Amino acid sequence: MVRKLALALALAVCLLPAAGCWNAREVNDLAIITEAGIDLTEDGRIELSVKIYLTSPIGDSGSGGQMSNQPNGDKGTSVIRTVTGINMADAASRLQKMVSRRIFWGQTEVFLFGERLARADLEAPMDFLMRHVASRERSHVFICDGTARDVLLLDPPIDRSVADALIAMAERQTGLNITMKELAQMMVGKAKAAVLPIVQINTHKEKQEAYPFIEGLAVIKEGRMIARMNEQATRGVMWLRNEMKQATVTVTPDDSGGFVSLHLMRSHTRLIPSIENGRWIMTVRITGQDDIVENTSNLDLSEPAHLGKVEREMERFVEERVNLALNAAQKEFNADIFGFAEAFWRKYPKQWKANAGRWDEIFPKVEVRLETDLRIARPGLIGKNFFRRQKQR
Amino acid sequence: MKLSRDLLENVRRLRAVYRDCADVVFHSFRIGGHTQAMLVYVEGLILLEELDRNVVAPLRDGPGPKPALEDVRNRTAVASVRSVGTFDGLVEEIADGRPVLIVDGLDAALAFGLTDWEQRTVEEPTAESVLRGPREGFIESLRTNIAMLRRKIRSPKLKIVTLRLGSSSKTPIAVAYLEGTASPSLVREVMSRLNRIEIRDVLETAYIEEWIEDNRYSPFPQLLSTERPDVACAYLMEGRVVILVEGTPTVLIAPITFFSLLQTPEDYYERYVVGTAIRWLRYFFFVISLLGPSLYVAVVTYHQEMIPTTLMLTMARSREQIPFTALMEAFLMETMFEALREAGARLPKQIGSAVSIVGALVIGQAAISAGIVSAPMVMVVAITGIASFMAPRYTIGIPIRLLRFPIMFLAGMMGLLGVMLGVIALLTHLLNLRSFGVPYMSPLAPIEKRGLKDVLWRAPRWMLNRRT
């Protein structure tokens, strides 16, 4: 019994090296890509730029080759490699030739697409990225105003890298926050339309270093970018997509002689589809709660009547923006970037099936009914702006 | 062999048995100045003064001729007197430290219970100290140990059965159980297993532990050893059997489950909320102590995408200059740590601190700054070390320390898959184990609702005692 067991164990141990180790990768042998940019060259080739994190402390120019455990000044610890290829896979394999270590895609947090590439074709690179075993579905995706390489080359002063800066901005929900998985879902979803935030570069001015920021969005339909939306319309899209989490809105109530600024605490947008007599109707119910952060008007915000007035004004303001986005999407681009198609499909699967091929005809005619209900939850510690009253005396 | 009526004949035979035994004393005197008598005892095992005052003096000064056995017994002032008729019995009584009186003309001898030898005082067991609770521990004397049990359980239902084991050592062994609580079949099983032992000497309970275990090849202990009378009594109350051995302060408890190895008496002495929290902390670190380095090796060599990016970059940085693979590094550091620990355990306390200083410098600071091992690895080893110190019983700590290495190897070969394989193999073994017929992993497997309240949490006492 013991002898048999020992024999079995010995055999199992002998098998181990046969089975294992071949896919072992030591951290020291990896070229860790933290962000990747994909552009289209003039002659239609894919240009892949990657930022590789330098793990070697010797390469650290700041510490002068001294061995140190402190990450003293993580600046300048990355290198950028750019290769071109006929498609993503080709470019990626060429990239491997340029790098002494094994390319590791598992930590790539940000993918940037150049605008030219996005306008030409997003489907091919997306196939590569979703098919690749190591790449993260949770990585963030942006469209660049210009080329992705230019954004990669930036060295924003606050964060460790461009990737960190962009992720932080996206997650703060001041702009759209789209991950690879969400993008893929939108692109292959019922509407075949997607949105991506646009990264712009604030150029170098005097002492100010150039830095990236997120503004506006790109509308993607059937695998390519078809249009851009400005910041106002982007806010409207975010309201409709239930992605509005942080906003400060300034309104001017009638005959108040000033502004009231509100800070959004929480909001929720519900899409309620209905089909009445062959008319496709979408009821958009936006609810939210706000804090008042500044009041320069002559309204006394401790009075419910005045609060109601501000609330109405606020609702009007939001509706305006939402209508801006709706108009652009429905009339101008005919791209269902709000997920209306999914909502209809869920509630009316049969009707959807019958009309699946006609969505492009239906979408511009969908009647949208806005129901906004925004409340002021906390008017703040003071009601009136009493500084203002003193001034009047 | 029966004793002879002839004193000289008996003495001649006894002297032959105790040839070259300088510590055995033959003291002859006359009862009432007339009848020849002989006292035989081992020096150092008896109360010599009591013997003089209560046995020798009254007999010497009393009437002399032809005393009957009963007569002699009544004239001595000793509470514990036994008459011995056989020669083997005589030898046994002498060995156990009872002086024996052989009187001329009588075919029976008297053994006086005047045993007393040097023994350690009752102290707090160092391996199982508590902050709250009794601080007494068992000592090397079986008599004292049994007395400690009896002092805690004063019911006549506490039964103590004695037997002797060891063909040379003839070590007295006691089996204690609570009648009506312990199942009779369990007691029978324990007795029959004990009686089957063929052994020359029993110096420690470990000698018999290996004989009576269910699975002799398992690295896991299937009996619980403790030095604490309160622990022994708690288990007695739960219907378990306690085996005590003369000459060692550790006693054995059977049957046990895996989870009883992860409990401490203090779980029950502290408030139940605290007891539960600490128990879970212990469970968590138990897993860490088994899998800590393996998980690290697996993730670092196979699953780099699992690590959050910032952490990954920092780790990549610190691993950059390391000449070894993560697996090698882990083996190196873990072996070093075990060596350090073993070295520290065997050294006198004064030198022990020197070892820890050297160890901290060598495997900690110097190794990192020399770029031989990476800082995260040292952290993992240190955390694993702390975790393994949390094992409340040394006997469960050892197998875990050992099994860490094969699982580490599997992790280095196959990543998390290997770790899972190792864990599955280990669980299969644990689920197969039994301790005196009780499944090792009960009450978790097979699941038993009643027992869970003392495993998943330490239920308050009023719920704990309710047997529903």
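I looked up the contact first: 27 residues of chain A and 24 residues of chain B take part, where two residues are in contact if their C-beta atoms, placed from the backbone, lie within 7 Å. On the side of chain B that touches chain A, helix H10 (272-302), helix H11 (309-319) and helix H15 (394-414) of chain B each supply at least two residues. H11(B) gives the largest share of that side, nine residues. Helices here are DSSP runs (H or I, at least four residues) and strands likewise (E, at least two), numbered from the N terminus. I sorted that side of chain B by class and got 12 nonpolar, eight polar and four charged residues. Ala, Val, Leu, Ile, Met, Phe, Trp, Tyr, Cys and Pro count as nonpolar, Asp, Glu, Lys and Arg as charged, and the others, Gly among them, as polar.

The model is predicted: local features need pLDDT of at least 70, side-chain atom pairs count only at pLDDT 80 or more, and totals for chains, interfaces and linings use all residues. Residues are numbered from 1 along each chain as its sequence is written, and chains are lettered from A and ligands numbered from 1 in the order in which they are written.

Next I noted the domains of chain B: domain 1 (7-112), domain 2 (126-256) and domain 3 (292-452), with bounds from an automatic or database domain assignment. The C-alpha centres of domain 1 and domain 2 of chain B are 34 Å apart.

Last, I checked helix H8 (residues 231-240) of chain A, where eight of 10 residues are buried (20 or more other C-beta atoms within 10 Å of a residue's own, C-beta atoms being placed from the backbone). Among them are Arg235(A) and Trp239(A). The buried residues of H8(A) pack against elements of chain A including strand E7 (193-202) and helix H9 (304-333). Asn242(A), which follows H8(A), has a positive phi near 60 degrees.

Conventions. A residue is buried if 20 or more other C-beta atoms lie within 10 Å of its own, exposed if 12 or fewer, and partly exposed in between; C-beta atoms are placed from the backbone.
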